[in-house]
Amino acid sequence: MINFIIRNIWQRIILLVFISIISHSVIHLAPGEPSLVDPSNPRMKPEDIQRIRAAYHLDEPLHTQYVFWVRDLFTGELKSFKDNQPVLKKIWDRFLNSLPLFIVSMMIVWFLAFPIGIKAALNRNSKFDRASTFLSYALISIPGFFLAYLLIIFMVKTFDVPVIGMRTFGLEEAPFLFRAMDRVWHLTLPALISAVGGMAVLSRYVRSQMLEVIYQDYMRTARAKGLPEDQVIYRHGLRNALLPFITMFGLTIPGLIGGSVIFETIFAWPGMGRLGFEAILARDFPVILTLTFFSAILVLIGTLISDILYGVADPRIKL
Amino acid sequence: MDEPIAADALAPSKGLFQERWVILKRNPMAYASFWFLIALFSFAIMGKVFTQNIIIFDPKIVRLSEKFLPPLTLYTSKLTPKEDAPAMGIYLLGTDELGRDVFARMIEGSFVSLTVGFVAVGISLTVGIFFGGLAGFYGRVKLGFITVDTLIMRFVDIMLCFPSFFLILTVVALLPPSIYNIMIVIGLTSWMGIARFVRAEFLSLRDQDFVTAARSQAIPEWRIIFIHMVPNAIAPVLVSATIGVATAILTESSLSFLGFGVQPPDATWGNILADGKTFLFDAPWLTFIPGFTILFVVLAFNLCGEGLREAFNPKLRSTP
């Protein structure tokens with residue numbers, strides 16, 4: 001077990017090194033530079049551009065730049081091109097903002113997808129099954145921002161609540177309960193929208209997994225023993241259907257960055273996705289690179305956790 | 001006495017695709033989506049012809065006195081010259097903020113959007129089949145200390161670690177804006193699943209008798225791969241390609257929303273929608289028409305792909 005974990009971590013560290021090299025070269029080989037963002041600014045003289053380029057090592061060869069980046073990243077010295085703030089602190093602040101959104105939307109996904117999927121599998125070809133199948137395809141197919149706009153109009157017109165941003169400006173003095181409600185309203189819609197796609201996919205997956213389990217021999221045996229139907233389905237069926245979802249859980253973690261760019265932009269939520277988008281607009285290479293690296297680390301941690309859990313949950317797998 | 005058995009007596013009563021077709025027909029939603037997509041393709045080609053070659057619907061005419069007209073408005077203006085009138089004297093889907101005919105823009109956009117989807121998927125198919133085939137067929141060949149299979153599959157793992165939308169956005173934003181860059185970038189970031197499929201299929205095909213037979217006849221390896229093995233491995237790949245087109249269309253619309261999609265004057269559903277959202281309250285049709293078009297088309301691709309997946313997967317079919 002310990003050997004397995006150590007070997008896995010070692011392999012992942014090697015992968016990370018390659019990922020950092022590839023992302024570094026992709027970003028630096030593509031045309032477009034921080035000094036070219038605002039070419040019409042009359043205050044930017046060629047000497048200034050030269051000074052900036054020298055300060056950020058932009059004139060060095062690529063591999064030297066890579067070494068500088070890695071060194072600065074691990075000593076925590078890495079500075080953003082845009083505002084000279086430490087990159088790690090910027091990302092950490094935005095991470096703390098993204099985290100509640102991510103946790104709430106994940107909870108919506110996992111708590112809704114399972115009941116829907118199980119019910120659809122148990123009543124195969126019923127009206128509920130057909131409706132949920134069609135609805136989940138429709139939810140996968142709708143452009144996310146289009147749905148977001150429709151829901152914003154609906155929420156604001158029906159409930160008359162604020163939905164844009166993280167909190168209402170100027171409520172700092174309000175009583176605690178009032179502030180808490182304000183935060184909850186601001187969180188509801190973005191979390192719901194981010195959950196929609198995942199929910200549709202996961203409920204389909206739960207349905208197909210349950211269908212595979214339901215017709216197994218051991219289910220018939222359990223019924224033949226005279227066990228109550230609930231126990232047959234949840235103890236004998238669901239527990240066996242659950243295994244693949246351990247993998248799914250590991251794969252949802254990277255959604256923390258990649259999936260949230262659009263929604264954080266729409267809802268003006270100061271999270272990691274928007275930080276990335278702003279960094280792209282400003283050609284802020286250190287931030288873009290570190291975010292990509294960070295999300296690769298998240299993916300690898302996610303798959304590592306799911307590998308370990310898989311070994312723990314399924315005794316047939318020898319680590 | 002020992003008369004040779006006629007060749008067609010041995011042939012299966014139905015070909016592979018005939019049989020699948022019958023199964024697909026049983027799934028009404030997938031079958032309807034299939035015909036919907038066929039209709040859409042002919043519509044898009046007609047749109048291309050009528051907006052570029054024989055100009056009946058001109059998406060580029062700007063009529064500033066006619067802006068924000070709701071759908072089904074008749075052409076009655078005295079200010080716009082006669083030759084700028086819309087086809088048949090009616091704005092079927094209204095006009096936008098520059099007085100351009102939304103219907104003409106939508107049919108022009110159908111062709112561009114579908115092209116983006118198909119070219120992107122074509123690129124990811126090519127790269128995916130190439131790498132997957134290489135890993136599956138030459139997997140045991142050693143390059144120094146690692147095998148080809150390890151090398152390629154580790155590379156696939158690395159590519160899967162990147163947050164794909166963020167990567168697409170980064171590259172598209174750094175490159176000069178062009179419709180080709182968007183297609184290429186979407187294609188180059190979505191081939192990993194296909195490579196895995198093809199590799200798995202090739203691993204099981206590699207040791208089958210027909211491949212050994214082909215080898216024994218000294219048929220060149222590229223011929224074995226492309227003429228003998230790829231057709232046997234292609235069915236699951238095509239299914240995931242169908243769904244890939246849907247994903248590419250959605251990705252393009254998301255890029256358009258952030259301002260990095262296909263740039264004007266080319267119209268796509270995505271950028272009509274992204275432009276229209278500014279006028280959501282004054283001219284809701286500018287948002288709803290492209291929005292629901294994307295929804296229906298992507299839905300049709302998904303349902304059709306899922307129907308095909310079921311038809312080509314005997315395991316899914318046989319469950320009672």
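**A chat about chains A and B**

Student: Hi! How many helices and strands does chain B have?
Tutor: Chain B has 13 helices and 4 strands. Keep in mind that this is a predicted model.

Student: Thanks. What box do the C-alpha atoms of chain B fill?
Tutor: Taken along the principal axes, that box is roughly 85 × 60 × 40 Å. Chain B has 320 residues, and 41% of them count as buried.

Student: And what about contacts in chain B between residues at least 6 apart in sequence?
Tutor: Of those contacts, 67% join residues at least 24 apart.

Student: Let's go inside chain B. How do the axes of H4(B) and H8(B) cross?
Tutor: H4(B) covers residues 102-137 and H8(B) covers residues 192-205; their axes come within 7 Å and cross at roughly 35 degrees. The crossing is right-handed.

Student: Which residues make that contact?
Tutor: On H4(B), the contributors include B:Ser124, B:Leu125, B:Gly128, B:Ile129 and B:Phe131. From H8(B), they include B:Ile194, B:Arg196, B:Arg199 and B:Phe202. By type, the residues of this contact split into 11 nonpolar, 5 polar and 2 charged.

Student: Switching to the contact between the chains: how many residues does each chain give?
Tutor: Chain A gives 36 residues and chain B gives 33.

Student: Which elements of chain A give two or more residues to that side?
Tutor: They are the helices H1 (2-29), H5 (127-141), H6 (144-159), H11 (261-266), H12 (272-281) and H13 (285-313) of chain A. The side of chain A that touches chain B has 28 nonpolar residues, 8 polar ones and no charged ones.

Student: You mentioned H1(A). How does it cross H5(B)?
Tutor: The axes of H1(A) and H5(B), the latter being residues 148-161 of chain B, come within 10 Å and cross at roughly 65 degrees. The two helices are therefore roughly perpendicular to each other. As for handedness, H1(A) passes H5(B) in a right-handed crossing.

Student: Which residues meet there?
Tutor: A:Leu15, A:Phe18, A:Ile19 and A:Ile22 of H1(A) meet B:Asp157, B:Ile158 and B:Cys161 of H5(B). This contact of H1(A) with H5(B) has 6 nonpolar residues, no polar ones and 1 charged one.

Student: Nice. New topic: which residues of H9(A) are buried?
Tutor: In H9(A), residues 229-241, the buried ones are A:Val232, A:Ile233, A:Gly237 and A:Ala241. They lie on the same side of H9(A), because they cover an arc of only 85 degrees around the axis.

Student: What do they pack against?
Tutor: The buried residues of H9(A) pack against H7 (176-214) and H8 (217-224) of chain A. On the other side of H9(A), A:Asp230, A:Tyr234 and A:Arg239 are exposed.

Student: What is the count of buried residues in H2(A)?
Tutor: The count is 0 among its 10 residues, 46-55, and H2(A) is hardly covered. Just after H2(A) comes A:His57, which takes a positive phi of about 60 degrees.

Student: Last one: where is A:Ala282 found?
Tutor: A:Ala282 sits in the loop between H12 and H13 of chain A.

Student: And why does A:Ala282 count as partly exposed?
Tutor: Because A:Ala282 has 17 other C-beta atoms within 10 Å, while a residue needs 20 or more to be buried and 12 or fewer to be exposed.

Student: How far apart are A:Ala282 and A:Arg207?
Tutor: A:Ala282 and A:Arg207 are 75 residues apart in sequence, and C-alpha to C-alpha they are 44 Å apart in space.

Notes: Residues numbered from 1 in each chain as written. Chains lettered and ligands numbered in written order. Predicted model: local features only at pLDDT ≥ 70, side-chain atom pairs only at ≥ 80, totals over all residues. Contact = placed C-beta atoms within 7 Å. Nonpolar A, V, L, I, M, F, W, Y, C, P; charged D, E, K, R; others polar. Axes fitted to C-alpha atoms, helices over the stretch in contact; angles between N-to-C directions. Parallel < 35°, antiparallel > 145°, perpendicular 65-115°, else oblique. Left-handed = near helix turned anticlockwise from the far one by under 90°. Arc of directions from axis to C-beta.
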